[in-house]
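Reader: I'm new to reading protein models. Could you walk me through this one, feature by feature?

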Amino acid sequence: MVVCICNRLSELMISQAVANGARTPDDVFRRYHKRRGCSSCTVRLAEAIDRALNPPPSTPAE
Ligand code: FES
(Lines give C-alpha, C1' and ligand atoms only; values in the text may rest on other atoms or scores of the structure.)
Protein backbone atom coordinates (compact mmCIF):
# COMPACT_ATOMS: atom_id res chain seq x y z
CA MET A 1 0.00 0.00 0.00
CA VAL A 2 1.34 3.43 -0.95
CA VAL A 3 1.47 5.76 2.05
CA CYS A 4 3.17 8.77 0.45
CA ILE A 5 1.90 9.36 -3.06
CA CYS A 6 4.29 12.22 -3.89
CA ASN A 7 7.32 10.01 -3.19
CA ARG A 8 5.79 6.58 -3.86
CA LEU A 9 6.69 5.33 -0.40
CA SER A 10 4.98 2.09 0.52
CA GLU A 11 4.19 0.66 3.93
CA LEU A 12 6.93 -1.93 3.36
CA MET A 13 9.48 0.78 2.55
CA ILE A 14 8.51 2.61 5.73
CA SER A 15 8.90 -0.59 7.77
CA GLN A 16 12.35 -1.08 6.28
CA ALA A 17 13.30 2.52 7.09
CA VAL A 18 12.13 2.01 10.69
CA ALA A 19 14.20 -1.18 10.91
CA ASN A 20 17.15 0.98 9.90
CA GLY A 21 16.52 3.61 12.55
CA ALA A 22 13.90 5.99 11.13
CA ARG A 23 11.55 7.31 13.80
CA THR A 24 9.87 10.29 12.15
CA PRO A 25 8.40 11.04 8.71
CA ASP A 26 11.41 13.24 7.96
CA ASP A 27 13.72 10.33 8.87
CA VAL A 28 11.86 8.21 6.29
CA PHE A 29 12.20 10.90 3.60
CA ARG A 30 15.92 11.21 4.33
CA ARG A 31 16.39 7.44 4.25
CA TYR A 32 15.11 7.36 0.66
CA HIS A 33 16.64 10.69 -0.39
CA LYS A 34 13.17 12.16 -0.87
CA ARG A 35 11.73 15.54 0.02
CA ARG A 36 8.46 16.32 1.67
CA GLY A 37 5.94 17.22 -1.03
CA CYS A 38 2.34 18.13 -0.29
CA SER A 39 2.58 16.86 3.32
CA SER A 40 -0.86 15.27 3.16
CA CYS A 41 0.73 11.96 4.16
CA THR A 42 2.22 13.17 7.45
CA VAL A 43 -0.38 11.50 9.66
CA ARG A 44 -0.40 8.30 7.56
CA LEU A 45 3.40 8.18 7.68
CA ALA A 46 3.44 8.64 11.45
CA GLU A 47 0.83 5.86 11.80
CA ALA A 48 2.88 3.54 9.55
CA ILE A 49 5.99 4.25 11.65
CA ASP A 50 3.99 3.47 14.79
CA ARG A 51 2.74 0.19 13.29
CA ALA A 52 6.31 -0.77 12.37
CA LEU A 53 7.54 0.05 15.88
CA ASN A 54 4.59 -1.60 17.64
CA PRO A 55 3.32 -4.48 15.52
CA PRO A 56 0.07 -6.01 16.72
CA PRO A 57 0.56 -9.17 18.77
CA SER A 58 0.30 -12.29 16.71
CA THR A 59 -2.51 -14.66 17.49
CA PRO A 60 -1.38 -17.98 18.92
CA ALA A 61 -1.61 -20.94 16.60
CA GLU A 62 -4.26 -23.43 17.52
S1 FES B 1 1.77 12.38 -0.17
FE2 FES B 1 3.62 12.43 0.95
S3 FES B 1 4.45 14.40 0.59
FE4 FES B 1 2.62 14.31 -0.63
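This is a predicted model: local features need pLDDT of at least 70, side-chain atom pairs count only at pLDDT 80 or more; totals for chains, interfaces and linings use all residues.

Reader: How much helix and strand do residues 2–50 hold?

Author: Helices (H or I, at least four residues) and strands (E, at least two) are DSSP runs, numbered from the N terminus. Over residues 2–50 the chain is 51% helix and 10% strand.

Reader: Where is Asp50, and is it buried or exposed?

Author: A residue is buried if 20 or more other C-beta atoms (placed from the backbone) lie within 10 Å of its own, exposed if 12 or fewer, and partly exposed in between. Asp50 sits in helix α3, and because 11 other C-beta atoms lie within 10 Å, Asp50 is exposed. Asp50 and Arg23 are 27 residues apart in sequence, yet their C-alpha atoms are 8.5 Å apart in space.

Reader: How do I describe two packed helices?

Author: You give the angle between their axes and the distance between the axes. Axes are lines fitted to C-alpha atoms, for helices over the stretch in contact, and angles run from 0 to 180 degrees between N-to-C directions. Here, the axes of α1 (residues 11–19) and α3 come within 9 Å and cross at roughly 60°. That makes α1 oblique to α3; angles under 35 degrees count as roughly parallel, over 145 as roughly antiparallel, 65 to 115 as roughly perpendicular and the rest as oblique.

Reader: Which residues of α1 and α3 meet?

Author: Contact needs C-beta atoms, placed from the backbone, within 7 Å. Glu11, Ile14, Ser15 and Val18 in α1 meet Leu45, Ala48, Ile49, Ala52 and Leu53 in α3.

Reader: What about phi angles?

Author: Most residues other than glycine have a negative phi. Arg8, not a glycine, has a positive phi of about 50°, and Arg8 lies in the loop between β1 (2–4) and β2 (9–10). Ser39 also has a positive phi, near 70°, in the loop between α2 (25–31) and α3 (42–53).

How values were computed:
Residues are numbered from 1 along each chain as its sequence is written. Two residues are in contact if their C-beta atoms, placed from the backbone, lie within 7 Å.
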